[in-house]
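Hi,

Here is the structure I promised to pass on. Have a look at it first, then read my notes below.

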Amino acid sequence: MKRRHILWTAGLLALLVFTQCHWVAPPLRRADAVITVKTTGYCACPECSGWRFNWLGLPVSQKGKSKIIGRTSGGSMARPGIVAVDPKVFPPGTKFYIPGYGWARGEDLGGGIKGRHLDLYFHQHRNAAKWGSQTKRVKVWYPRD
């Protein structure tokens, strides 16, 4: 019986990795709030993330500092399920359930993200462009210390 559970878990993890799905563990309590927010999609491309190549061909931020493409402000790599938030409104670690997107966690701090605005990460630019800008009612779970 244990072998079946191990194989099932390994298969599920492989499926998540190979299909590039995101998985954020849902909280085991009721939502702290249900609010209306503006959501936009972004990816790691220069158009969405605002980086460019310098004269040496290296990626740099808008301020000219060296940049690792796809790295969040917290230091982790961006992946679906990671959203950029305004830390004054949503502290890092806040979890969200966004209809049409799924579970997400606020780990990135977007420079242009102000107020009740979530910037949702997508692997491909066409998916981010397809999402565009939408107003959604999302469930919010604030982090507990």
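A word on terms before the details: helices (H or I, at least four residues) and strands (E, at least two) are DSSP runs, numbered from the N terminus. Two strands count as paired if DSSP finds at least two bridges between them. This is a predicted model, where local features need pLDDT of at least 70 and side-chain atom pairs count only at pLDDT 80 or more, while totals for chains, interfaces and linings use all residues. Residues are numbered from 1 along each chain as its sequence is written, and side-chain values use heavy atoms, with hydrogens and water left out.

Now the hairpin of β5 and β6: three residues lie between its strands, and Gly100 has a positive phi near 90°. Strands β5 (residues 95-98) and β6 (residues 102-109) are antiparallel, with four bridges. Ile98 faces Gly102 of β6, and Tyr97 is opposite Trp103.

β6 also pairs with β4 (residues 82-85), this time in parallel, again through four bridges. There, Ile82 has Arg105 of β6 as its bridge partner.

Zooming out, six strands close into a barrel, in the order β1-β7-β4-β6-β5-β8, with mixed pairing. From one strand to the next, the twist averages 45° (axes are lines fitted to C-alpha atoms, for helices over the stretch in contact, and angles run from 0 to 180 degrees between N-to-C directions).

How far can you trust it? pLDDT is the predictor's confidence in each residue, from 0 to 100. The protein averages 79, and 76% of the residues score at least 70. Among its elements, strand β8 (residues 133-141) has the highest mean pLDDT (94) and helix α1 (residues 2-18) the lowest (65). Where pLDDT is low, the predicted coordinates should not be read in detail.

Cheers
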